[in-house]
Amino acid sequence: MADRAPRALARAVALLAVLVLATACSGIPTDTRVRSSGEERGAGQEQPFVHQQAPGPEPGLTPLDVVARFLAASSGFDEDFATARRFLTQNARQRWQPTAGILVYEGRATFPAQPTSSTQTMTTSVVGRIDADGRYRPIPRTEIQVTFQLVDAAAPTPGSSDDGAADDGAADDGAGDDSADGQDAQWQLDAVDASGTAGGYTSLGQGLLLSRAAVERAMLALPVWFADPSGRALVPDQVYLPKGDDEVPAALTRRLLAGPGPGLQGAVETAIPSGTRLVDARVVSGEAFVELAGPVTRLPAERRQLALAQLGRSLAAVPGVDGPVQVTLGTETFDATGADNAFDPLQETLVPGPNVLVIDRNGKLQTFNPGDAQLGVMPGALGAFARPLRHPARSLPATPQRIAALSDGERGLQVQEPDGTLHRVHLARTGPLAPPAFDAHGNVWTVDRATGDVLVTASGEDAAAPVQVPTALLEGYRPWQVEPAHDGARVVLVLRSTRQPADDRVVVAAVLPPAGGTGYRLGGAVLPLQGSWQQVHDLDWRSPTSLAMLVVDGDNSRALFLTPGTVGVATGPTVTSGVDEITAPPTRTGGTLLVASSSGRPAVFALDESDGLSNALQRGLRDPAYAG
Amino acid sequence: MRLRLPRFLNRVLPARPWRRVVAAWRRGLRMRVVTTTVVLSLLVVALLGTFLFAQVRDGVLGAKVDSALAETRSGYQFAQATVEQTQEWTPGLVNSRASTIVGRLASGGGEAGRREVLLLPGPHEDSDPPGDVYSSYASGVNTPQSIPPTLRREVQGQQEGQGRTYWAYAMADDRDGTRVPALIVGAALEVGAKPYELYYVFPLDQEAQTLGLVRRTLAVAGLALVVLVGLIAYVVARTVVTPVRMAARIAERLAAGRLEERMHIRGEDDLARLAASFNRMARSLQSQIRRLEDLSRLQRRFVSDVSHELRTPLTTVRMAADVLHSYVSSFPPDVARSSELLQAQLDRFEDLLADLLEISRFDAGAAVLDPEPCDLRAIARRVLDATEPLAERRGSTLELVAPEQACTADVDGRRIERIVRNLVVNAIEHGEGKPVVVTVAADDEAVALSVQDSGVGLSPEEAGRVFDRFWRADPSRARQTGGTGLGLSIALEDAHLHGGELEAYGEPGRGAQFRLTLPRRAGQELGGSPIPLGPDRPRFLAVGAPYQRTEVARG
């Protein structure tokens, strides 16, 4: 028993030591072991949407204050226009249809009347309209006057109406509260009259009046994707949706289910059959989930793949989506991520190498590597073409390799087929031809600038055929240049005025495939592009949804970057005078833009969106052309 | 209001649980030690936990407030720099800049998405140009209404260019539509000469989760600590209390006469020393008690032997005295008087010897009971008849109070009659000529007889010693009836032999009462007595009642 006590004591001391050590180790770790937090997705990474809340009614506001605040509050999509409704009389609230469309005006509105007058007239310029389906339709800039009729809320309501369709007996829609904060203005808006204006807006029943800035701030332009008639390429169709709304995925999917807008009617198709119903669409932790029901659940595998591609690419652009797109069709769930790759003639990024065609100072066709500015020999007949060439073009990598160039003083269009044979598919009588360009099907497009004929040489054909252009476009204008989109379903057409110089128009038109013995036609609801320019030097599709343009702006050239179908005003860096050619790499995500001056001292430059031109990559070269 | 428990609970729960708990609390040292330790440690843990939680909370929120203030100041400086870049302002430009500032502040720095930025214009003033609209901008789900009005007033009241930040806790909206606690920091800003208020809303849900975790951890740790302390207290108490309890049990056994019981000695600690001391004490006690027992046994044996040895010569003396007494008429008066005295003292000596022998039998455990059903009323009547002459001589009246129905019990009639006679004679002797009342009563369990006088009475101390052998309340008072001083002792032994009780009560100058209570059946436990004893004793006769024997029948 005498030796047991020291042993027990030793055990106790050892246990105490272990406990003390364990306690001492429970501080902040200082080891250098590398730990991973996993992949971060979803909320927190997106650019936050800034909610605007216009000030509501207050005592002491003048009628002009009320009108101004109503206009400011009219972009309150995220609050279901609650603030704006509080400025309206009971009758006006019932007539107001804020989702019926948007008349977009630009510039500061002026109100010449006295601020205290019960009738306020706003003078401003309208530039377009966003329809109820969210598609923007530019209209020629027109100055309009909008009359706002206000009533004194303290006085008996006169019962006037802006469109004569007052519904005095109708119940309140319940969307707003007269006195949400107990401080209402004395004046209330009872009627808005803009009869006869462009864009079809006449009254509160026709929707909203929003400035371009308000649209850009409060709305989101997103493409919904359809398929070209061959089902090989996806075609974007821009739609506008309110920002900051949890319903964006559902609204975008509904737009997709509704089919293409008027701008692409006849030029595209959709794999999602009519009658398909949206069950659910939401974004959770960066992943998009869509559930559809109806005929879409019975699609054959090939069509279903196209439908998944349309859904996947459409929803991938929704803010907050940076993960997979899960599509549930009936009882089956598919991962639509990457399904669109099979329907894209464009690569994600450009493979480095000699992927640009240029014409050297001797008129020879050569290859050019923008990475190291090295020239290379172009194999084939066009590379060995004896006479000087201009404006080369190459078909997209996804199609059989065709190369085109202009010869004979830019009057002849030479096409080198994939088998190496060379055809002169067209020879203009007088005028030069516009730089040729290829679409997704391998067709080569150009314009006879002397006659204004738009010409297309289909793949496998050895002669160019004219393309029908809507006569409405040709009133006072003549086609000057055509640039087919990489999807082959759209072209951008530069129209030069026949009446006055420096008045070029640029429109995007749908390409209607040959049918019933007719050739290609341009149709759909032609979409004009907006921006300030006098003439267009050159343009190219920078991505499936955007264009890069070189325009004449005063004494200089300016690069513009436009997204067709949006209200955004084109802006861009000013570039050196004389730079008049631009080419964009055929990729989905952009890449190095190349510009060149074709006259004087030819040279090729790289163009950065914000920094402008680089130093000349190579002098003595002109007409740079990526594929497409 | 008393709580009525369901019937099944009444069956399950012990009756009067609270009393049981109190009793257990009083009896159980271990329970008191463990309970007290647990309650005290719970108190300490609660206080310590509250203190620690307050420290952690202040630390967490302090760090959050510091970082929030720093971020707000940084945002304020950025906004200020952004505003200063513009010289010409229009309302549209003010709104555009405000929106830009909010977007930039919301996306840059800090934990984007975890806090929201709001830029609110100052209140509308009549001096504002008509038509100018200044909107509020918010990067999240919170609206201007989420900002506490008191905070807005403080920010609005700030002097231009001070750059001071104000903050407050409030409930704010979260992205998932819930309301969460939030820290809101505000500063005043001017955008194009228009006063604006810049607010950062920092949700504190993560801090709340952290504090919740700390709270739960402290609670669990505290609870575990209390349980641990309780267990330790239990073990310690058990270690200490078990030997004490064992000592108590052994002490009880010793007290019960099992003098050979000893404590088990283990180790060399204090408890072992206690056990050793206890055992020494037990041995000493055992030795003393044995010696006293031996002495007592020797005394009893001596008394018994002396009594027996005296009996034979006494018989001879008696016979001789009887012979002398038979010739007393022929003796001269002085010799006759001596013969009479001899006869009387011999009677008394025989009584004393008989009592001593009876006591010796009790001491020797040789007293044997011969029970048979007897009516206590009949015994009382016989005794009263026998003692009536004595009472007449003392000037006392005898009264019997008895029920009409029989008061029967299984008793040894001879012994009970001896008890009653002893009590009645005692009452007459000390009754000072005042009435003596004998009361008989019975209930289902017991029969009782009470003898009550109104004589000199007894003090409580005297009542406690009245059954001692040869004890006299007043030794100076001459014995008038020739009692041996052993009568009440024998009566008590007789009562105990029946499993009954004989009790005395008295008040000095107001008489005494003796109550004999016997079980109805032999071996039955007594629960009470049908006749009250003490101040509530019945008083049937007034003091100084006429000398006659009366009997009162009671229904």
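β11(A) pairs with strand β12 (residues 332–335) of chain A in the antiparallel sense over four bridges; two strands pair if DSSP finds at least two bridges between them. Strands (E, at least two residues) and helices (H or I, at least four) are DSSP runs, numbered from the N terminus.

Before you start: this is a predicted model, in which local features need pLDDT of at least 70 and side-chain atom pairs count only at pLDDT 80 or more, while totals for chains, interfaces and linings use all residues. Residues are numbered from 1 along each chain as its sequence is written, chains are lettered from A and ligands numbered from 1 in the order in which they are written, and side-chain values use heavy atoms, with hydrogens and water left out.

**Exercise 1.** Work out how β11(A) is connected to β12(A) and β10(A).

*Solution.* 
- Step 1: Begin with the hairpin that β11(A) and β12(A) form, with two residues between them. In its turn, Gly330(A) has a positive phi of about 70°.
- Step 2: Find a facing pair: Thr333(A) in β12(A) stands opposite Thr328(A).
- Step 3: Turn to strand β10 (residues 287–293) of chain A, which pairs with β11(A) in the parallel sense over five bridges. Here Val290(A) stands opposite Val327(A).

**Exercise 2.** Decide which way the side chains of β11(A) point, and whether they are buried or exposed.

*Solution.* 
- Step 1: Recall that side chains in a regular strand alternate between the two faces of the sheet.
- Step 2: Sort the residues: Val325(A), Val327(A) and Leu329(A) point one way, Gln326(A) and Thr328(A) the other.
- Step 3: Check burial (under 20% relative accessible area, 1.4 Å probe, protein chains only). Five of the five residues of β11(A) (325–329) are buried, so the strand is largely enclosed by the rest of the structure.

**Exercise 3.** Which residues touch the most other members of the largest nonpolar core?

*Solution.* 
- Step 1: Define the core as buried Ala, Val, Leu, Ile, Met, Phe, Trp, Tyr and Cys residues joined through side-chain atoms within 4.5 Å.
- Step 2: Among its 48 residues, the answer is Phe70(A), Leu71(A), Ile102(A), Met122(A), Ile130(A), Phe148(A) and Val215(A).
- Step 3: Ask which element gives the most: α2(A), with eight residues.

Notes: Buried means under 20% relative accessible area, exposed over 50%, partly exposed in between (1.4 Å probe, protein chains only).
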